[in-house]
Amino acid sequence: MTLTAVDITGYRSIRKIRFPVRQLTVLVGGNGVGKTNLYRSLELLQAAARGTLADEIAREGGLGSIFWAGGKNLSPDGSFDPMYRTDGYRKGEANKLKLEASFADLGDGSFDPTYRLEVSFPPKEAVAAFPGEAQITTESLDWHQRGKAVNLMDRRNAMAWARDAAGRREQAHDDLLASDTALSALSGRSEIALVRDSLVAWRFFHGFRTDVESPLRRPSRAVTAPSLAADGSNLAAVLATLHHIRGDRIDLDRAVEDAFPGAELVIPEVGEYASFGMRYPEMPKRVFQPHELSDGTLQFLALAGALLSYRLPPFIALNEPENSLHPNLLPMLARLIVKAAERSQVWVVTHARDLADAIAAESGVLPREVVRTDDGTWLEGLGNLGEFVDD
């Protein structure tokens, strides 16, 4: 399945936004406009699939830290409106985080699901949750076919219902904790499992550590690695898998040559560990090991591993991948991103206009400008119905 649209309400700088997601999505904007919050919302959707959403929210500082906290008591046209509270919500609205993801089946189109969930503070009455813990109050999974919606899963607090093998609605769980997600708890059912597994398979890359203790600088166990781990800890195994298992490193060598003219990526035979190094034309008799490589070189090789690996994840999200890279490397990075989008859905968040423009030149995909208004994070050109006016 491919992600087709995202709807986010009440998360940090995002009051409410819905927008389409394409095979290649590029979001560009300055610091503080909310780019990372858009990216982070997708991570929270994956956490819901893993059953770790409450933990993720707690790591961010709890619900009090993640709820929308902007806005003014203005109506959408900018005039004063007493129906708006001073925190930016309309009177009667509560502090809630709502996330929604819509998918399309890339097969015969018979299964186009939408997953929704809502998170809030626990109520004052007794509930199996700590006072500041995120409570998952509602969840639903709908299946859309030829314009008709069929509810496959519905959760209200501790109770959850789902469809049985014959399509009949039945009670599927009656004791969900506030921190449990029905999407994870009911993943033994095939349609629910399909959505859950699709979300769990997403891969997020925030940028890689390049300090002396970075996992990128260490050898990897000799285990076939079809895709790069989020922290890059299996980079050597990913590169060795391309070279020794797949036997095809043409794209990888081309990327290295474009980025570092005359240099060679050396991937020796694998013993107990896999390793790699770089040989430069100035010193052809010496192979520089990962602990000797510059931060920028190591960062570029990690991105190449993430985007050219043997088996790409179905969805790859890159958050400011230009960090630590020399500006001259951005066109090469853009080519890697566009190449990966041939095999995977790719989402890029960047503050580097040069990178966004280079991706556009390679792919024809228009980057979307992330802006911050009194009504929160928004995308330029996005209409109120959740579509871009130039699409």
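Strands here are DSSP runs of E, at least two residues long, and helices are runs of H or I of at least four residues, both numbered from the N terminus. Two strands count as paired if DSSP finds at least two bridges between them.

Strand E5 (residues 112-120) pairs with E6 (residues 135-145) in the antiparallel sense, over nine bridges. E6 also pairs with strand E7 (residues 148-156), again antiparallel, over eight bridges. On that side, Leu141 stands opposite Met153 in E7.

## The six-stranded sheet

An open sheet with mixed pairing is formed by six strands in the order E10-E16-E17-E3-E18-E19. Strand E10 (203-205) and strand E19 (376-379) each have a single partner strand, so one side of each is left without a neighbour in the sheet. On average, neighbouring strands of this sheet are turned by 20° against each other, direction ignored.

E10 runs parallel to strand E16 (residues 315-319), joined by three bridges. Phe205 stands opposite Leu318 in E16.

## Helix H1 across the strands

Helix H1 (residues 35-50) lies across strand E3 (24-28), E10, E16, strand E17 (345-350), strand E18 (368-373) and E19. H1 runs at about 140° to E17; axes are lines fitted to C-alpha atoms, for helices over the stretch in contact (heavy atoms within 4.5 Å), and angles run from 0 to 180 degrees between N-to-C directions.

## Basis of the values

Residues are numbered from 1 along each chain as its sequence is written, and side-chain values use heavy atoms, leaving out hydrogens and water. Because the model is predicted, local features need pLDDT of at least 70 and side-chain atom pairs count only at pLDDT 80 or more, while totals for chains, interfaces and linings use all residues.
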